[in-house]
Amino acid sequence: DQDRTTPALHPIVVIGAGPVGLSLAIDLTQRGQRVVVLDNDHKLSIGSRAICFAKRTLEIWDRLGVGQRMVDKGVSWNLGKVFLKDEQLYEFNLLPEEGHERPAFINLQQYYAEAYLVERALQLPGIDIRWHNKVTAVQSRADGGAKPRGRRTAQHRHTRGRLPDRRAMAGGLRRRALAHAADAGAGEQGAHFSGPLPDRRCEAGG
């Protein structure tokens with residue numbers, strides 16, 4: 001619809017293809033809604049503004065079809081310890097009861113989380129992710145709706161029509177996630193990994 005002479009109307013537009021925006025778009029689509037996702041970038045996050053994901057988030061991601069991938073890749077933990085130099089000051093267990101399906105938290109770099117969410121979104125025909133689309137203003141309407149205004153960034157102006165093949169795009173995103181991880185010094189650690197996550201921009205204890 002980007003070649004139309006008059007603006008197209010979409011029932012739901014999500015601004016931002018980060019973990020929250022992608023999760024919302026997937027959830028709405030699984031409930032039968034059609035969603036357009038706009039993002040001003042064209043790649044996964046660099047670094048980890050989000051790195052700890054709680055049990056409730058994992059339960060939501062289970063419903064969205066990506067929870068197990070997150071847990072398999074991340075470092076699971078329930079027990080936390082506070083130190084002053086070499087002296088342990090405090091210890092706490094965020095999930096003392098047994099029998100929970102998910103850990104209290106996992107540590108997982110944000111670019112992995114985003115890659116899994118984008119791959120899941122590309123499996124759903126009700127989601128249209130449009131990269132290089134920047135929202136510059138939102139105008140409220142009398143019926144309670146909102147009309148976002150924006151523009152394509154320069155890199156996208158020459159690109160017409162829909163996104164490339166979804167399978168090829170998913171493969172490219174997976175390669176980008178691994179490249180980001182290698183750039184950050186991350187290895188293929190599993191649940192046995194006990195040290196801090198090797199993310200040069202944000203470290204958290206395992």
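## Ground rules

Helices (H or I, at least four residues) and strands (E, at least two) are DSSP runs, numbered from the N terminus. You are looking at a predicted model, in which local features need pLDDT of at least 70 and side-chain atom pairs count only at pLDDT 80 or more, while totals for chains, interfaces and linings use all residues. Residues are numbered from 1 along each chain as its sequence is written, and side-chain values use heavy atoms, leaving out hydrogens and water.

Strands β5 (79-84) and β6 (87-93) each supply at least two residues of a nonpolar patch. Its members are Val82, Leu84, Leu89 and Tyr90, and they make about 400 Å². The areas come from the Shrake-Rupley method with a 1.4 Å probe, and for residues only the protein chains shown count as cover.

Leu84 is found in strand β5. With 51% relative accessibility, Leu84 counts as exposed (over 50%; buried is under 20%, and partly exposed is in between, with a 1.4 Å probe and protein chains only).

The structure holds five aromatic pairs, that is, rings of Phe, Tyr and Trp (its six-membered ring) with centres within 6.5 Å; planes under 30 degrees apart count as stacked, over 60 as edge-to-face and the rest as tilted. One of them joins Tyr90 and Phe92, and this pair is stacked, at 5.9 Å centre to centre with 25° between the planes. Phe92 counts as partly exposed because its relative accessibility is 26%. Elsewhere, Tyr111, Tyr112 and Tyr116 form one aromatic cluster.

## Helix α4

Helix α4 covers residues 110-122, and its end C-alpha atoms are 18 Å apart, which agrees with the 18 Å that its 13 residues should span at 1.5 Å a residue. The expected span is 1.5 Å times one less than the number of residues. This helix is mostly covered, with 13 of its 13 residues buried.

Glu119 lies in α4 and counts as buried, at 5% relative accessibility. What joins the side chains of Glu119 and Arg69? A polar contact of 2.7 Å does (a pair of N or O atoms within 3.5 Å; within protein, one must be able to donate a hydrogen and the other to accept it, and residues adjacent in sequence count only if both atoms are side-chain atoms).

Conventions: Patches are made of residues with over 30% relative accessible area and no salt bridge: like charges are joined within 9 Å, nonpolar side chains (Val, Leu, Ile, Met, Phe, Trp, Tyr) within 5 Å. A salt bridge is a side-chain nitrogen of Lys or Arg within 4 Å of a carboxyl oxygen of Asp or Glu.
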